[in-house]
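Please consult the sequence and structure shown here before reading the points below.

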Amino acid sequence: MGQEVRYRVRGGRPLSGTAFIQGAKNAVLPMIGAALLAAKGRTVLRNVPVIEDVYRALELADHVGAKVEFHEAERTVVIDASRLNDPERAVLPAEIAARFRGSVLFVPALMHRTGRARIEGVGGCNLGSRNLDFHYRGFARLGAEVTEDPERNHINVEASNLRGGRLYLDTPSHTGTENLLMAAVLAPGTTVIEHAALEPEVIDVINFLSAMGAKISGGGTGLITVEGVEELTAVEHTIMSDRIDAGVFAMTVAATGGEVSLVGAHLDHLGVARWKLEQMGVGFSQEGAVLHVQRDPSVPLRPINAVTSPFPGFATDLQSPLMALATLADGESYIHEAIYDGRFALADELNKMGAKIEVEGTRAIVHGPTNLRGAEVIAHDLRTGAALVLAGLVAEGETIVAPGYLVDRGHTQFATRLAALGADVERLGDS
Ligand SMILES: CC(=O)N[C@H]1[C@@H](OP(=O)(O)OP(=O)(O)OC[C@H]2O[C@@H](n3ccc(=O)[nH]c3=O)[C@H](O)[C@@H]2O)O[C@H](CO)[C@@H](O)[C@@H]1O
Ligand SMILES: C=C(OP(=O)(O)O)C(=O)O
């Protein structure tokens with residue numbers, strides 16, 4: 001057994017140079033699920049991020065009967081789902097599925113290709129309660145029978161006769177919208193999805209499904225209409241760039257000071273996060289597909305108020321790095337986490353580094369500015385891990401962030417890309 005992966009960070013260096021923003025985790029995972037809808041041909045996905053969640057998704061695809069190749073150096077995945085038709089294999093086993101949230105995105109393809117699905121566990125970041133009721137209720141409205149086996153903690157879905165229907169989401173769930181779309185595209189008749197998510201990744205998934213032959217209108221408006229088609233074709237698609245990866249890099253430059261070009265990052269994808277960072281004192285300029293980010297380290301960062309909300313609101317996945325950044329700002333920052341009820345595990349870890357953060361329920365007050373000091377800290381989830389690396393880069397002394405697996409779930413070659421900008425950070429461990 002190898003040593004646990006962890007990140008060792010030493011603070012104090014400003015960043016400069018060029019960073020390459022990876023393909024979007026939250027777009028590639030649904031697309032791997034969507035590729036399984038094609039009964040013929042080979043799907044080619046480009047700009048795929050080399051992250052643990054993609055490995056898990058490909059393991060699942062293989063497990064249910066697809067042939068997958070990951071050409072990592074080329075950032076390309078090739079999927080042949082022509083043999084995915086065995087109902088006995090339509091199982092998402094806990095040992096893979098419980099390690100990432102995106103596993104739930106395999107259910108529509110299993111429903112369409114095998115008539116059933118059994119979900120033995122769905123993972124993802126531990127952020128408080130994370131239900132899947134919108135997904136299951138939507139599948140049921142399209143004609144699936146969804147039952148729970150509470151003893152084994154399994155969900156069984158029987159779906160031999162899906163048809164279009166009128167669907168809604170209580171809140172505009174990101175994967176919920178993608179899952180209902182994938183369930184609807186091959187269901188005969190018309191499906192309407194009300195209160196759909198507007199995230200750029202959802203639009204990228206709609207573009208991908210449309211290229212496959214799906215008939216979808218209204219993407220990006222909140223009201224989506226789908227006309228079911230008989231079959232979908234395997235196509236080639238380039239994954240959009242990862243706006244959360246871009247946001248983490250922008251906030252890291254904001255923390256250390258310096259000037260960095262983010263290749264592939266788009267200001268439009270940052271939504272409200274862009275305006276909050278500008279208010280704090282970060283400068284942005286977009287030049288084609290390159291976003292320049294700069295922050296003068298001699299001018300103190302200003303404190304901020306932020307509330308997380310679905311796109312184009314302040315992304316909840318950027319709330320953790322924002323909290324780390326706010327510890328450096330000159331005054332009190334207020335953060336309201338309105339998407340998840342348990343996404344403040346970072347506060348205690350930052351407090352170990354000398355920060356002064358008070359948490360009450362889903363609200364936090366960050367009393368800045370703090371001279372952070374290095375410590376051994378815990379990555380409770382993916383973005384907590386990234387935020388602690390950010391904090392380590394401005395802390396005095398050495399910071400160890402573990403478990404590194406959680407950072408590796410969503411950021412490709414995180415240490416290597418930061419080190420290329422001059423940061424003193426290493427990924428240690430060998431698994
Ligand atoms: C793989 C992926 O794309 N993950 C992203 C996706 O997660 P995910 O799609 O899981 O997030 P949702 O948008 O579905 O969840 C938002 C909120 O709705 C609640 N909810 C959701 C579904 C449901 O059936 N019932 C329910 O109550 C959740 O508990 C949560 O409080 O969007 C989140 C919000 O932008 C991001 O943090 C995640 O990075
Ligand atoms: C919460 C996240 O991911 P997941 O939904 O996969 O747990 C995230 O990307 O920060």
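The crossing of helices H6 and H7 is right-handed, a crossing being right-handed if the near helix is turned clockwise from the far one by less than a right angle, and left-handed if anticlockwise. This is a predicted model: local features need pLDDT of at least 70, side-chain atom pairs count only at pLDDT 80 or more, and totals for chains, interfaces and linings use all residues. Residues are numbered from 1 along each chain as its sequence is written, and chains are lettered from A and ligands numbered from 1 in the order in which they are written.

**Helix pair**
- The axes of H6 (residues 174-184) and H7 (residues 200-212) come within 10 Å and cross at roughly 15 degrees.
- H6 is therefore roughly parallel to H7 (angles under 35 degrees count as such).
- His174, Thr177, Glu178 and Leu181 of H6 meet Val202, Val205, Ile206 and Leu209 of H7, contact requiring C-beta atoms, placed from the backbone, within 7 Å.

**Cis peptide bonds**
- Most peptide bonds are trans.
- The bond from phenylalanine 311 to proline 312 is cis, with omega near 5 degrees; proline 312 is in the loop between strand E18 (305-307) and helix H11 (319-326).
- Glycine 368 and proline 369 are also joined by a cis peptide bond, with omega about 0 degrees.

**Positive phi**
- Histidine 195, although not a glycine, has a positive phi of about 65 degrees, and its place is in the loop between strand E11 (190-194) and H7.
- Glutamine 413, likewise not a glycine, has a positive phi of about 40 degrees; this residue lies in the loop between helix H14 (404-408) and helix H15 (414-419).

How values were computed
Axes are lines fitted to C-alpha atoms, for helices over the stretch in contact, and angles run from 0 to 180 degrees between N-to-C directions. Helices (H or I, at least four residues) and strands (E, at least two) are DSSP runs, numbered from the N terminus. Angles under 35 degrees count as roughly parallel, over 145 as roughly antiparallel, 65 to 115 as roughly perpendicular and the rest as oblique. Two residues are in contact if their C-beta atoms, placed from the backbone, lie within 7 Å.
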